[in-house]
Amino acid sequence: MKGLSRDRLWSIAVLLPSILLLAVFVYGFIARTVYVSLTDWGNDPAQALALDPIIRWVGLANYQELFTGFLQGRFRQELVNTIFFTLFFILGCLGLGLGLALVLDRNPRGEGLWRTIFLFPMSLSFIVTGTIWRWMLQPQGGVNQFPNAVGLPAGQFSWLSSTDAVWKFDWNALPLITASVVGLVLILLAVRAARAGDRTRAIVSGLCAALLLGWALFIGPNVRLLPAPELHGFNLALIGIIIAAVWQMSGYTMALYLAGLRGIPEELREAAKVDGASDFGMYRHVIFPLLAPITLSAMIILGHISLKIFDLVYAMTGPDNTYTSVPALNMYLTSFRQNQFALGAAIGTILLILVAFVIVPYLTSSFRGEEGHA
Amino acid sequence: MTTTVPTTTASPAPASRRFGLSRAGLYALLVVAALFFLLPIYLLIATALKSPDAINLATTWQWPRALNWASFAEAWAKIGGNVGNSLFLAIVATLISAMMGSLNGYALSKWKFRGANILFALMLFGMFIPYQAVLIPLFQFVRSIGWESFVIPGFNITVPEFTLYGSIWALILAHVVYGLPITTLIFRNYYAEVPDALVEAATIDGAGFWSIYRQVIFPLSVPGFVVVIIWQFTQVWNEFLFAATLTNTSSQPVTYALSQLAGGQAVSWNLPMAGAILAALPTLLVYILLGRYFVRGLLAGSVKG
């Protein structure tokens, strides 16, 4: 298609507005947010909303404040909340979604109706879901009355107002824990690489692991982020929010898995049966491996949703419950209620980094693969 | 979008499909799962239909003795205007971003140029970012746009005063821009399935960029538009963060109004429940009536599936 330069110009002209808009509104604004996060805009309330505020460059001070500052314990708990929330939310959605898809894959009567029932929460907003589940999880009503149905006394769990936490750890131990976990993962990688005969890879991962674990052993225990121990853990009030989130999103994984299951040719299942595989064996060795890429996509999509989640928490426990809060909510409050723009921008940047860790490898691999096909 | 979408007509079950689990157990599982999904909805409707003095934690699960439809009237009085805002916002933002997405998808899939895929990946990133990472500059930008009323010299036309901040157009702008990646994605993948031979034949006939779009691509696009419109409408309707930061009381969409209605501690619960039903109804209806396309948009969102 040479010599079609006018049409080619048109195709670029058509794309140009979108490219410019996204360049400014995504990349330009991200750059601006990062810049704001390196200033002190809003730390002095008088300057926050001034028409021509005096803004000073403070480097990484806002980040330092968030991770080690006396006043920002809330943010650290939120980070921990996000990690636990993401973990259980993904596990819940994958488990329930896969279960539902496997059941539906056996072609029960009225399959369309069942699927509609399992998927409809996807069409609701998190605010609606949160409003409904807040009522479901009232201490003396809703879910806590379920045991009454079989004659047992009502449940006593204070779902959303609980202040109990489990699996507490000292924030000071965070570098130590991180180094140890990453080190162990690297050892695992090294062992796998060694088994696969990839020597360079095994040596590099092994060395990195040794370095990290050595640091954790000799220097890590003496690192102090905070002057005093600060305990953070999994707040039990999050359980209710996780249930509501799974209620809303597990239909999505069900749809993904169902599409995957329907894509597996019947011959493959038959062949496995002819080879004498039991039902369990067929799932274990034939079907689940084929679903692995879907699991990965689902984990990435759900993971980035859960890192960004904000409206569900807002609707279920309000903006001021520090036990259930998440960084995304804190960013909104810090920036738009307290007008501490620089600190809010720092939280926004941290969120972006977390999401980018999940999304960038995914996009890169998606498009590298596609480039190969083209 | 190479995913096979589960169709509503189930493929006929092979007669020999008998696994360890009995049919009865299968249906028992389905019923338990359906209860998990539907009990909150039962409670939602039952509570919305109760009068405030009949709402009592001990009798939460009982169906109301007397139906109180007044909750809906009361909720409508509080958030009806916001439903209108949401409707206007969702329709305008959806149509603009669908149209732009269609043209982008056409240019990216049928007029591939060097670097088109990298460009597209860079565009897609905008779909995944946490909007918290652009919110402060967006807020500043929106606040900075506006003008006093003025007269265009020579034409004698008065341009009325305008401030973007707090107007519904701020939300429309945000939703169009941040909606572009997904609409482009869906259309690009949709057009990838249109055979290149069709486009080539049209070029041989002397058709250019626009006439190919008008005569070949656009007429084939109806299912693509349905998917994009449904998906985008649902997203815009349900969005909360922009709704909470870029609006004022006159332009707030329904999600924000509902959060305010439900947030107060003193409110009797029938009111937020009725409000939740009103806020959920449009997207729920779209889902129930056009579920198949909804699922397609859902699966398209996972980039490759």
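Biologist: What should I know about the numbering and the cut-offs before I start?

Modeller: Residues are numbered from 1 along each chain as its sequence is written, and chains are lettered from A and ligands numbered from 1 in the order in which they are written. This is a predicted model, in which local features need pLDDT of at least 70, side-chain atom pairs count only at pLDDT 80 or more, and totals for chains, interfaces and linings use all residues, while side-chain values use heavy atoms, with hydrogens and water left out.

Biologist: Is chain B a compact globule or more spread out?

Modeller: The radius of gyration is taken over C-alpha atoms, and the globule rule is 2.2 Å times the number of residues to the power 0.38. For the 305 residues of chain B the rule gives 19 Å, but the radius is 24 Å, well over that value, so chain B is more spread out than a compact globule. Its C-alpha trace spans about 75 × 75 × 30 Å along the principal axes. For chain A, the C-alpha atoms fill a box of roughly 80 × 75 × 55 Å.

Biologist: How far apart are the centres of positive and negative charge?

Modeller: Lys and Arg count as positive and Asp and Glu as negative; His and the chain ends are not counted. Each charge is placed at NZ of Lys, CZ of Arg, CG of Asp or CD of Glu. In chain A, the mean positions of 24 positive and 21 negative charges are 3 Å apart. In chain B, with 15 positive and 9 negative side chains, the two centres lie 16 Å apart.

Biologist: Which residues touch the most other members of the largest nonpolar core?

Modeller: A nonpolar core is a set of buried Ala, Val, Leu, Ile, Met, Phe, Trp, Tyr and Cys residues joined through side-chain atoms within 4.5 Å. The largest one here has 212 residues, and A:Phe118, A:Tyr332 and B:Tyr178 touch the most other members. Helix α9 of chain A (residues 238–263) gives the most to this core, with 16 residues.

Biologist: What is A:Tyr332 in contact with?

Modeller: Contact means heavy atoms within 4.5 Å. Beyond its neighbours within four places in sequence, A:Tyr332 contacts residues of both chains, including A:Phe310, A:Tyr314, B:Leu241 and B:Tyr256. A:Trp114, in helix α5 of chain A, is buried at 15% relative accessible area. With residues up to four places away set aside, A:Trp114 touches B:Leu30, B:Val31 and B:Ala34, as well as A:Leu104, A:Pro108 and A:Arg109.

Biologist: Now a loop, please. Where is A:Ala237, and what does it touch?

Modeller: A:Ala237 sits in the loop between β2 (231–235) and α9 of chain A, and counts as buried at 0% relative accessibility. Among the residues A:Ala237 touches, sequence neighbours up to four places away aside, are A:Trp159 and A:Thr324. A:Thr324 is 87 residues along the chain from A:Ala237, yet their C-alpha atoms are separated by 6.3 Å.

Biologist: Last one: which residues other than glycine have a positive phi?

Modeller: Two examples are A:Asn107, with phi near 55 degrees, and A:Trp167, with phi of about 55 degrees. A:Asn107 lies in the loop between α4 and α5 of chain A and is buried at 10% relative accessible area. A:Trp167 is in strand β1 (residues 165–170) and counts as exposed at 53%.

Terms used. Buried < 20%, exposed > 50% of the residue type's maximum accessible area, 1.4 Å probe, protein only. Helix = DSSP H or I, 4+ residues; strand = E, 2+ residues; numbered from the N terminus.
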